[in-house]
Amino acid sequence: MSKLQNVTERVIHEFAPVYDSHSRVLMLGTMPSPKSRETGFYYGHPRNRFWKVVSDVCGETVPETKEDKISFALRNHIAVWDVLAGCEIRGADDSSIKNPVPNDMDEILKKADIRAVFATGTKAAQLYKRYCYPKTGMEIITLPSTSPANCTVSYEELYRAYAVIVQYLGG
């Protein structure tokens, strides 16, 4: 681990949520990783499997650019955001999160036809349950993290887990 990754820093979420009034599924991470902040978009680490698994589940090719990812998400009625608007965090280590400030989920929930909320990892689910659920009243379904740090979960296992979103995307 580099010295930089050992340092806890205050991070403010700077990406707009991806959604429109037709979004039916809300996918929530915790907070953009340093690599995602560097690339300027959600799940930006080249080894993060989020875009591959979600596009495979939807039967589409993997979107490459930020614009392609936004178009893909909206076309497939998927909203993408994070639970936190800010926190103190060490690198990309979700277990190091301190002083979390939640996003206001009403930003999406009052404007979109969200039928299910999914966490892309255990920590996102825990934070949502603690800080967002009391206000939203919407349960969250926990999916395995697509992070390269979660290498114990095979791609096939990820695909099977993420395939659940399909039942909420239709009609």
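## Aromatic pairs

In this predicted model, eight aromatic pairs are present in the structure. One of them joins Phe41 and Tyr42 in an edge-to-face arrangement, with 5.2 Å from centre to centre and 80° between the planes; Phe41 and Tyr42 are both buried.

Another pair brings together Trp51 and Phe72, whose ring centres lie 6.3 Å apart and whose planes meet at 80°, so this pair is edge-to-face. Because Trp51 belongs to helix α3 (residues 50-57) and Phe72 to helix α4 (residues 66-75), the pair ties together parts that are 21 residues apart in sequence. Trp51 has a relative accessible area of 5%, so Trp51 counts as buried, and Phe72 is buried as well, with a relative accessibility of 0%.

## The ring cluster

Through ring pairs, Phe15, Phe41, Tyr42, Tyr43, Phe50, Trp51 and Phe72 are linked into a cluster.

## The overall fold

The protein contains eight helices and seven strands. Its radius of gyration is 15 Å, close to the 16 Å that the globule rule gives for 171 residues, so the protein is as compact as a globular protein of that length. The C-alpha trace spans about 50 × 35 × 30 Å along the principal axes.

Of the contacts with a separation of 6 or more, 67% are between residues 24 or more positions apart, and buried residues make up 44% of the 171 residues.

Note on methods:
Residues numbered from 1 in each chain as written. Predicted model: local features only at pLDDT ≥ 70, side-chain atom pairs only at ≥ 80, totals over all residues. Heavy atoms only, no water. Helix = DSSP H or I, 4+ residues; strand = E, 2+ residues; numbered from the N terminus. Rg over C-alpha atoms; globule rule 2.2 N^0.38 Å. Buried < 20%, exposed > 50% of the residue type's maximum accessible area, 1.4 Å probe, protein only. Contact = heavy atoms within 4.5 Å. Phe/Tyr/Trp six-rings, centres within 6.5 Å; stacked < 30°, edge-to-face > 60°.
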